[in-house]
Amino acid sequence: MSGGKVLHEGESGVSRRIALAASVFVLCAAATHVRAAMSSEPLTPIPIPPRAQAKEAIADLPGTRLSYWDTGGNGNAIVLLHPATGSARIWSYQQPVLARAGYRVIAYSRRGYGGSDPVPKENPGTAAGDLQNLADSLGLKKFHLVGSAAGGGIAMDYAHSHPERLLSLVIACAIGGVVDKDYVELSARLRPKGFDEMPAAFRELSPAYRAANPAGTEAWAALEHSAITGNRVGQQPANKISWASFANMKVPTLVIGGDADLAVPPPMLRLYASHIPGAQVVSVPEAGHSLYWERPDVFNRALLDFFAKHRS
């Protein structure tokens, strides 16, 4: 996928406008490239590929136990962080593809999801801290980190705490926990009152996907319904994440999303990426908030292309 360098906060307003204009050009070029590769019906159902062999276990970590799976192997590791509507079980389209490409692929369910312990109210810990403990327990020295939606915020928090552990960072369909007033207000305007109470499939799957693939929509909903298995609220970020903190980032970063995402539309992707030095931006046509599920063909290829540039 195509990507473009963007300037970080602190440079002149003229330079920023030039950088943002360039990112729009790159984004359009990427979208054109994706469309050219599409069939006449880009949302033709994609069969889930046969699952790669993986170890499934419970990691006994400080303060919690987390359910995970791990394909093993000697390749660079990829850790997948699920959205709030998922668990370690959602990556059916990614696990076999990434494993066949030679990577060690790992996913886990955060506290309160998919068989992991709930968040204790008296000592909730941090999600970034849990990830660090899991990475240590699995012997991961450096790895690629992919976070979708709520998982993207945790991925960004982890990147702030432990940039030395990351080969690269992928933020998918996520706002990343930014606390700056302008961004918080912009995000709120995109979510009218009652938005969070709407059916998850409506919020997270594009209308194009729901129209073209009712069976896939039903399968996604089944995973969403089974994801939450305990209290999942109470954990706070380990860092204050802001535009200013982004300026110091040195981890290679890909920001990717769908152009039909109700929560993180393309202008949000571009704004987010514009504050991360060297970030690449990809927007996928006819895709919503669950890009990993709706367009796994484009999503997986974007990840593999990006990881190939940042091997250990």
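Which residues make a nonpolar surface patch of about 230 Å²? I found Met198, Phe202 and Leu262. I keep in mind that this is a predicted model.

**Entry 1: the patch**

I looked up Phe202 next. Phe202 sits in helix H6, which spans residues 200–204. Its relative accessibility is 37%, so Phe202 counts as partly exposed.

**Entry 2: the cavity**

The structure holds 1 cavity of 30 Å³ or more. I noted a volume of about 60 Å³ for the largest cavity. Its lining includes Pro42, Leu43, Thr44, Pro45 and Ile46. Tyr93, Tyr209 and Asn213 also line the largest cavity. Trp293, Glu294, Arg295 and Pro296 complete the list. I then sorted the lining by class and got 8 nonpolar, 2 polar and 2 charged residues.

**Entry 3: the largest pocket**

I turned to open space. The largest pocket has a volume of about 1,200 Å³. I listed 39 lining residues, and the closest to the pocket centre are Ala84, Arg110, Ala149, Ala150 and Gly153. Which elements give two or more residues to this lining? They are helix H3 (127–137), helix H4 (150–161) and H6. H4 gives the largest share, with 4 residues. By class, I read 20 nonpolar, 9 polar and 10 charged residues in the lining of the largest pocket.

Strand S1 (55–61), strand S2 (64–70) and helix H2 (95–100) each supply at least two lining residues. The largest share, 3 residues, comes from S2.

**Entry 4: salt bridges**

How many salt bridges does the structure hold? I have 9 on record. I looked at some of them in detail.

I took Arg104 and Asp70 to begin with. Their closest N and O atoms are 2.6 Å apart. This pair links distant parts of the chain, with Arg104 in strand S4 (residues 104–108) and Asp70 in strand S2, 34 residues apart. Buried or exposed, what is Arg104? Arg104 is buried, because its relative accessible area is 15% and the buried class means under 20%. Asp70 is buried as well, at 7%.

I went on to Arg165 and Asp136. Here the closest N and O atoms are 3.0 Å apart. Arg165 lies in the loop between H4 and strand S6 (166–172), and Asp136 lies in helix H3, so the pair ties together parts 29 residues apart in sequence. Arg165 is buried, with a relative accessible area of 11%. Asp136 is partly exposed, at 43%. I note that H3 and H4 also give residues to the lining of the largest pocket.

I ended with Lys181 and Glu185. Their closest N and O atoms are 2.6 Å apart. Both residues lie in helix H5 (residues 181–190), 4 residues apart, about one turn of the helix. Lys181 is exposed, because its relative accessible area is 61% and exposed means over 50%. Glu185 is partly exposed, with a relative accessible area of 35%.

Methods
Residues numbered from 1 in each chain as written. Predicted model: local features only at pLDDT ≥ 70, side-chain atom pairs only at ≥ 80, totals over all residues. Heavy atoms only, no water. Patch = residues over 30% accessible without salt bridge, like charges linked within 9 Å, V, L, I, M, F, W, Y side chains within 5 Å. Areas by Shrake-Rupley, 256 points an atom, 1.4 Å probe, with all protein chains shown as cover. Salt bridge = Lys/Arg side-chain N within 4 Å of Asp/Glu carboxyl O. Buried < 20%, exposed > 50% of the residue type's maximum accessible area, 1.4 Å probe, protein only. 1 Å grid on protein atoms, 1.4 Å probe; cavity = no way out; pocket = protein on both sides within 12 Å on 5 of 7 lines; lining within 4 Å. Points joined across faces, edges and corners; volume = space filled by probe spheres on them. Nonpolar A, V, L, I, M, F, W, Y, C, P; charged D, E, K, R; others polar.
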